[in-house]
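Hi,

Here's the structure I promised to pass on. Have a look at it first, and then read my notes below.

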Amino acid sequence: MQISFFNKKYLKPSREVLNFFALTLLFFLLAHSISAQIPHFRQHPLSIENAEQLELNCLAQSPNGVMWLGSNRGLIRYNGLQMQLFPTQSPVTALFSNAKRGLWIGFENGEIAFFYKNQINIWQREEGLPKVKITGFAEDTNGNFWFSTYGEGAYCYDGIHLYNFNTDDGLTGNEIYAIAKNAQGQILLATDNGISFCQFSQGKKTVWNESSSENLPDLIVKALSQTPTNEVFAGFYNGAIGSVTQKNWVKVQGVVSTASCFDKSNVVVGTEDNGLFFIDLQHGRIDKVPNNLQISGQSRGSTLGGIGRRIQATFIDTEGNIWVISDKNKLFSANYRFLTYKTNLTDIQAIATLNTHEILLGTKEGAFNYNIKTGQIQRFLPKKINVISLFNHFGIPFIGTYGSGLFMKKPNEVNPVHFSKLNGLSNLNIFSVATRDDTLWVASLSGFFRILQGQKGWDVVHFNSRNGLSTDFIYKIFEDSQHRIWLGTDGKGTTLFDGQTFRHFNQSKNNKAFGSVIGIAESPKGTIWLANTEGGIFYGNETVGFEEWQTTNNFTRQSLTGLTTDAFGTVIVLSNHGIEFINPTTRSRALFGSELGLTTFESGINPFSFTASSDLWFATSTDLVRMPSLLIKPKLRPTPILRGVKILMENVDFDNITSFSHNQNYITFEIEGIWHTHPQAVRYRYRLDGLDPDWQTTKEHNLTYPNLPAGTYIFRLQASQSDDFTNAEEVTYTFTIEKPLWQRIWFILLMALIFSGLGFLFIKKREERLNFQAELKREKIESQLEMLKSQISPHFLFNSFNTLIATIENDPKSAVEYTERLSDFYRNILQVREKNTISLQEELNLLENYIFLLRQRHGDAISVEIKTVRFDKKIVPLTLQLLVENAVKHNVVSKSRPLSISILELEDGYLEVKNNVRKKLDKERSTGFGLSSLKSRYQLLTPQKVSVTETEESFIVKIPLI
C-alpha cells in the first residue's frame, strides 16, 4: 500500500539539526532585497537633424514591424537603426496602425492624415474635421473608425459619413484624454469626469457613462489601454490603474499619463512626474524603474541616466518590446519577455518555483527562498550544502545535493526529510529529481533510485548497470506524458525505462552519437528532445528513432546546460552564450544573447522551472530571469521588408510597376529587416530566381543587379538574427525585363515576313529588271539592226556615193569633207549602238552629220531647225536621226516643195520633232518598225510615252526626255 507524500510521517531529525535550527534565525538568516523585475533597457539615439528640438508625443507600429513616432516636427519612421523624418506643419499627437486601415496620423490642429506611398496625405471630409488636438484612434467591431479630440468630443466614421459625439449626446466631457475598444466592441473615452461608453450602429448613437466614485478610484481618467483580448485598463490622475471590468485597482505614486498591457496581469505604467512602473497583478507586485537605472548607451553616473520622470507614451510591439518616450525627446525600449532579477547570490546551480510568490534557488552555499512579492531572500535549509538539483511536486520541494544526498521539506514543517545512505541511497550526488504520482525518481552517479513510502517506512529501489543500465552515471531523469522514465547518461546517450525494461538509444539515424545527455524535455505532440554537453540537440521517440536538429549556427554548440519546452511547444535551450528558441512546427530558431543585459549565461544543469501559471523562470549563476506566459506569442524572427526598388538609381513604384524595358536593367533593391530586440544582429539571405543559382547572405541594405538580361525574375528576401534561415519569413517581388524590340517573337516573325516579302519583291524586280534589260537589249539590237539596214541599204549607199562623185567633180575640197562626215556618221553609229541612252548633246552631234549628208544631196530643199537648251537630258540613241530619216523617206523633198523639220524642247519635258507633210505619190514600202521600236524602247525606260500625231499639214512626234 502506498501513501501520498501529503499524508506520510517524516523521519525524525537528529538533535544536531534541531540545535542548528535553534541557533540560527531560520526565516531571515539571509534577508535582503534584490532589484525589481526590470527588463534590460537601451536608449535609441534620435538620428534626426537638430534632434535637440524634437518633442516626441506618441508611438505606433506598422504590421511589418516598423515603428512610427509622432513629434512636434512631423512623422518619424524608425527601423531600429535609422530614422526618417516626414515633416508636417502641425505636431503629430496621435497614431494608429493596423493591416486593414494602414497608418493614420492625428495632428494638434485637428487635421487627420493617412500615410500612403511614402507620403502623408491629408484626409478630406465634406463634413469637415475638428479644429482641436487629436488624442487617439480606435476601431469598433462594426468596422467604424473612431478618433477622439481634446475639446470636441469624439468622432465616428462609418465609411460614408462622419458623426460627432459630444456632451450634447451624453458624454461627461468634450476633453478626451484617451480612447480604446473593449471586448464587447464598445468605444471607451477617458475624460475629466469618468469614462464614457459609446456605440454607433445603424445610424444610432448610444452613450452611457461610468462616473461614480463608488466604481472608479478617481474621476479624472488619463489613460486607457487594451490587452490582447481587448480588456481595457484605465489609469487615473491619483495614480490608480486597473481593469475597467475587473475593478482590480492598484496604485502607483504619480499621475498616470500612459499605460500599455501585455495581458490582463502584466502592465507597464508611465506617470507625469514619477517615471515608469511595471505591475504584475498576478503576483501583486509593483516595481518602479529606478531613476538611476543603467541604460545601454549611457555612461554610468551620466546626468542623462535612467528612464526619466515624465513619461509621454508607452507602446508594446509584436516582439514583446516595451517602448517608452520620456522627458519629451528620449526614446527607450526593452524586451519584456525577459524580466531580470539581480541577486547577490553567486553560483546559482538550480531553480524551482514553489508557488505563486516563491522561488527556490540552489547554490554551493545551500538552498534559498526568494519571495517575488516582497523581494526578500532567506535560507530555506539551515545546513550549508552544495545544492545541484531542485524539484517541486505540488508544493513539496525536493533538494538534491552534491555529496549530501536528497532533502524533502513540506511547507510549514521545520524539519526536512533527509535521504542518505541510511535510507538506501548508495550515492549522495543527486543530479536530477522527478516524480510520478507518489513515486520519487532520483538520478545519481551510481544509477537511479525509485523511492516509495509505505506503511512501514521508505522503500528505496536501486537501478544500476547490474540491472541493465548502460552506465551508472546519470545526469538527468525525466518523466514523459506516458509516465515513462527517460535517463540522460554520461557518454552513453539516453535510456528509456517503462517500469519493467530498459531500452538504450545512443545515436541518431545518421549515426551521430548522443554522448552525455544533460537535458530532456517533451513537446506537446509527444516528441522527446535531448541535449548533450557537446551542444548537440536531438528529437524523436523510441518508435521512429531520433534525428539531429541541424543548425547553421554554433550558438548552442558550446557549453549547453539545459533544455525545456514551454506551453506553446517551443523548445528552449540554454547555453553559456545565451538562450535559444526552437519552433518544432516551423523549424525556425530565435537567439537571444547580450541584448538581454545579462552579465553571464553560465548556469547549472537544472536552470529551468515553470510556475502554475506557465511563467518560465531560468537562472544564470548570478541572476534570475522570468519569462511571463503572455496571451499573445511574440514574434521570434525578424520581418524582411523590400523598402524600395530603383531603376538606374531612380525610385520605382514597385507596388504597381512590374515590367521594365530592356534598357531599364540596372536594378537596386533597398532592403531592411525589422528586429527591434537586436537590430544590429539582423542579416539577410536573398536570391534572384532566374539569375542566382543559390542563396546569398549579406548585412548590406542595398543590393544591385547591373545589366540584367531580358527575362522574368523573382527577387526573394529573408531575414534572420542568426545564420539560420530555416522557414524564415520571406518577401518576394516578381518583375520582368522586356526583350528589346528586335528580340521579340512577333517582331522576329514580322521581320521574317517583311524580309521574305522584300526577298520576293527583290527576286521579282530582279526578274523584271532582267526581262526589261533583255527586252531593251532586244529592242536596241533590232533598232540598231534596222538602222544599220537603212543606212547600209543600196539605195542609201547609192545616193551617198552619187552625191560624193558629183561633189568630187565639182568641188574636190568639199568632197573630202563629205567623205569625212560620212565616215564620222557611220563611226558614231557604231559607238552609240550599244548604249541604252545618250545625252541630248551627243544625239544632236550625230544628227548634225546626218543632216550634212542630207543637205549635200538635197540642198536647200530640206531645212532642220533645232530649238533646245537642256543638253544634259538623256535620249535613246539615233532617235532624232530615225525621225528625220522617216520624214525624208515619206515626203517629197524638192526646191518647189521643201521639207521643213523642227526640233523643239517643250516645257513638259518632251522633245518635239515636227515636219510638214509632202507625201510622195509613189510611197516607199515601210515596215513600220522604226516608230514601233522607238515606242517600245521608251516604254522600257520611262513611264512617259512617245506621242505620234499626224494631220494633213504636219507630222509630230513627241519624245520624252530622260
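Which residues are linked in a network of salt bridges? Arg-687, Asp-689, Arg-716 and Glu-730 are. Before you go further, keep in mind that this is a predicted model.

**Salt bridges**

The count of salt bridges comes to 27.

Start with Arg-626 and Asp-615, whose closest N and O atoms are 2.7 Å apart.

Lys-222 is buried, with a relative accessible area of 15%, whereas Glu-272 is partly exposed at 25%.

Then there's Glu-127, which forms a salt bridge with Arg-125. The closest N and O atoms of that pair are 3.2 Å apart. Glu-127 counts as partly exposed, with 37% relative accessibility.

**The nonpolar cores**

The largest nonpolar core has 45 residues. Leu-847, Ile-875, Leu-880, Ile-901 and Ile-959 have the most contacts inside it. Among the elements that give two or more residues to this core are the helices α4 (812-832), α5 (840-858), α6 (879-890) and α7 (929-941), and the strands β69 (899-905) and β72 (954-960). The largest share, 9 residues, comes from α5.

What does Ile-959 touch, leaving aside its neighbours within four places in sequence? Its contacts include Ile-875, Leu-883, Leu-911, Leu-934 and Val-946.

There is also a second, separate core of 40 residues, which includes Leu-596, Met-627, Trp-675 and Val-682.

**A closer look at α5**

At 1.5 Å a residue, the 19 residues of α5 should span 27 Å, and the C-alpha atoms at its ends are 26 Å apart, which agrees. The buried residues of α5 include Leu-840, Leu-844, Leu-847, Ile-851 and Leu-854. In general, an α-helix has 3.6 residues a turn, so residues three or four places apart point the same way. Just after α5, Gly-859 takes a positive phi of about 70 degrees.

One nonpolar surface patch covers about 1,100 Å², and its members include Trp-742, Trp-746, Phe-755, Leu-758 and Phe-760. Leu-758 is in helix α2 (residues 745-791). With a relative accessible area of 46%, Leu-758 is partly exposed.

**One last spot: Thr-88**

Where is Thr-88? You'll find Thr-88 in the loop between β5 (83-87) and β6 (92-98). Thr-88 counts as buried, at 18% relative accessibility, because the cut-off for buried is under 20%. Not counting residues up to four places away in sequence, Thr-88 touches Arg-73, Gly-74, Leu-75, Phe-107 and Ile-120. Thr-88 and Ser-621 are 533 residues apart in sequence, and 51 Å apart in space from C-alpha to C-alpha.

Key. Residues are numbered from 1 along each chain as its sequence is written. This is a predicted model: local features need pLDDT of at least 70, side-chain atom pairs count only at pLDDT 80 or more; totals for chains, interfaces and linings use all residues. Side-chain values use heavy atoms; hydrogens and water are left out. A nonpolar core is a set of buried Ala, Val, Leu, Ile, Met, Phe, Trp, Tyr and Cys residues joined through side-chain atoms within 4.5 Å. Buried means under 20% relative accessible area, exposed over 50%, partly exposed in between (1.4 Å probe, protein chains only). Helices (H or I, at least four residues) and strands (E, at least two) are DSSP runs, numbered from the N terminus. Contact means heavy atoms within 4.5 Å. The expected span of a helix is 1.5 Å times one less than its number of residues. Patches are made of residues with over 30% relative accessible area and no salt bridge: like charges are joined within 9 Å, nonpolar side chains (Val, Leu, Ile, Met, Phe, Trp, Tyr) within 5 Å. Accessible areas come from the Shrake-Rupley method with a 1.4 Å probe; for residues, only the protein chains shown count as cover. A salt bridge is a side-chain nitrogen of Lys or Arg within 4 Å of a carboxyl oxygen of Asp or Glu.
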